[in-house]
Amino acid sequence: VEGLGSSKANSHYMAGLAHVKNQNFGDAYQCFTRAIFLLPEEPILYVARAEVCVNQYDLVSAVANYKKSISLQKQPEASHSHRLSALLDSLGLLAFNKSKFDRALSFFDSAIQYTPTNKTVRLHRSLTLFMLSKHEEAMRDCEICDGVQQCIPYVWIAKGVFYLMAKRFPESKAVIEKCLLVSAESGLVSSLEMMFEAIFNRYKNEAVIAMEDRQWRDAITVLNNCIKTFPHDPELYRTRSRCHVELREYTAAVQDIFDNINKSGMTTEQSSTQLAETLTLIAVELFEKGSFHQSINYCDEALKWEPDNIDSLIQRAECHKAIGEHDASLRDLRRVLEISPDNQEGLWRLSQLHSTWGAMLYNDRKFSMAENEFARAITYCDNDPYH
């Protein structure tokens, strides 16, 4: 106090301190203002008045007084810079809570100027940048805060939200798991979990919508991201397999079905049927290319997974017929009718098989045997004039 250099200024200053002690902040403010009038270049007077402003909830005036005090110091005291930074941070939070994000960012930027290493302010700035959709800059600030004890788990929660908004689900899931290890009971962590579940399920549903619109490639893109996030979910592989089938990407489809079976740890009726259907589609393509023996091999494999798959039996019968193995073709078609006696395609193909034999026997002038075959053809399909 003696260093103020003015007994009158000292008197006002001491009176102001007495009023502060008695919580008469209005009177204290007036005393410090009079002292400043007498000694306008004295930094400590502005600090004193700034603290009175804080007690009067006038943070803007407090900031102005601290700034003035620091500007008068050749080497500003660290405690003054930290206090000013804290006040600016508080103003930023007030603006943030009122959704005035541009103003909040301005306060946080100012706070960082006075305490560049303050990670708490960095975290607040990061959240504000996120609300302003400046995600990349927000993430950079968040990375600076990571590992700082006082910022945990808040910085992780912030990163989880950033990743979630950017649809970077694997990273968001990893952050949530880390949060649960240190703060499983935190309401913020629980909220992040619920947010993740809602947004992820909404995103996963985009695959369903794309499939309904027959946008198979778009659906696969969504499912790829889902599988990266939950690589052990068997249903995701089965769904993606359907898309690959529609795009005639049968090898990828088969691999997804096998993954579905491996991830589930068991063979379900649904997965067996889908695998058999996919293998049969490959067999059809091979048949159309004239690769009859390869087509038979795929049908054999399909029937291992679903012995009563009618499409597989019919396709294999056609292959046997194409290479002249009529008895094998006949066995497969009869098996179709054992499974489904009224199966029209099975009846028609049996009719065609007997008709083919009849034509061959006729050409060999074995008319009685040919007549028997045409009679059998009519038994299975009596509305074909050729028979």
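This is a predicted model: local features need pLDDT of at least 70, side-chain atom pairs count only at pLDDT 80 or more; totals for chains, interfaces and linings use all residues.
1. A pocket, as the word is used in this note, is an open set of grid points with protein on both sides within 12 Å along at least five of seven lines, and its lining residues are those with an atom within 4 Å of a point.

2. The largest pocket has a volume of about 320 Å³. Its lining consists of 14 residues, and those nearest the centre are Leu127, Ile157, Ala158, Val161 and Leu188. Helix 9 contributes the most to this lining, namely five residues. Helix 7 (119-131), helix 9 (154-165) and helix 11 (187-212) each provide at least two of the lining residues.

3. At least two lining residues each are supplied by helix 15 (269-288), helix 17 (310-322) and helix 19 (344-363). The lining holds six charged, four nonpolar and two polar residues. Among the lining residues are Glu277, Glu288, Asp311, Glu318, Glu345 and Arg349, together with Leu281, Val284, Phe287 and Ile314.

4. Helix 15 also contains Thr278. Is Thr278 buried or exposed? Thr278 counts as buried, because its relative accessibility is 2%, whereas a residue is called buried when that value is under 20%. Once neighbours within four places in sequence are set aside, Thr278 is in contact with Ser241, Val245, Tyr250, Ala253 and Val254.

5. Helix 8 spans residues 135-145, and its buried residues are Ala138, Met139, Asp141, Cys142 and Cys145. These residues lie on the same side of helix 8, because they cover an arc of only 160 degrees around the axis. The buried residues of helix 8 pack against helix 7 and helix 9. On the face turned away from the buried side, helix 8 carries the exposed residues Glu136 and Arg140.

6. The loop between helix 7 and helix 8 includes Ser133. Although Ser133 is not a glycine, it has a positive phi of about 65 degrees. Ser133 is exposed, with a relative accessible area of 56%. A further case is Arg365, a residue other than glycine whose phi is positive and near 65 degrees. Arg365 is placed in the loop between helix 19 and helix 20 (367-380). With a relative accessibility of 63%, Arg365 counts as exposed.

7. How many disulfides does a search of the whole structure find? The search finds zero. In the case of Cys31, the closest cysteine sulfur is that of Cys53, and the distance of 14 Å is too far for a bond. Cys299 is likewise in no disulfide, since the nearest cysteine sulfur, that of Cys319, is 5.2 Å away, whereas a disulfide requires sulfur atoms within 2.5 Å. As to accessibility, Cys31 is buried with a relative accessible area of 7%. Cys299 is buried as well, with a relative accessible area of 0%.

8. Asn225 and Tyr203 are 22 residues apart in sequence, and their C-alpha atoms are 9.6 Å apart. Asn225 is located in helix 12 (residues 216-229), and it is partly exposed, with a relative accessible area of 23%. The other pair is Ala252 and Gly358, which are 106 residues apart along the chain and have C-alpha atoms separated by 42 Å. Ala252 belongs to helix 14 (residues 250-264), and it is partly exposed at a relative accessible area of 29%.

How values were computed. Residues are numbered from 1 along each chain as its sequence is written. Side-chain values use heavy atoms; hydrogens and water are left out. Buried means under 20% relative accessible area, exposed over 50%, partly exposed in between (1.4 Å probe, protein chains only). On a 1 Å grid over the protein atoms alone, a cavity is a set of points where a 1.4 Å probe fits but cannot get out, and a pocket is an open set with protein on both sides within 12 Å along at least five of seven lines; lining residues have an atom within 4 Å of a point. Grid points are joined across faces, edges and corners, and a volume is the space filled by probe spheres set on the points. Helices (H or I, at least four residues) and strands (E, at least two) are DSSP runs, numbered from the N terminus. Ala, Val, Leu, Ile, Met, Phe, Trp, Tyr, Cys and Pro count as nonpolar, Asp, Glu, Lys and Arg as charged, and the others, Gly among them, as polar. The arc is that of the directions from the helix axis to the C-beta atoms. Contact means heavy atoms within 4.5 Å.
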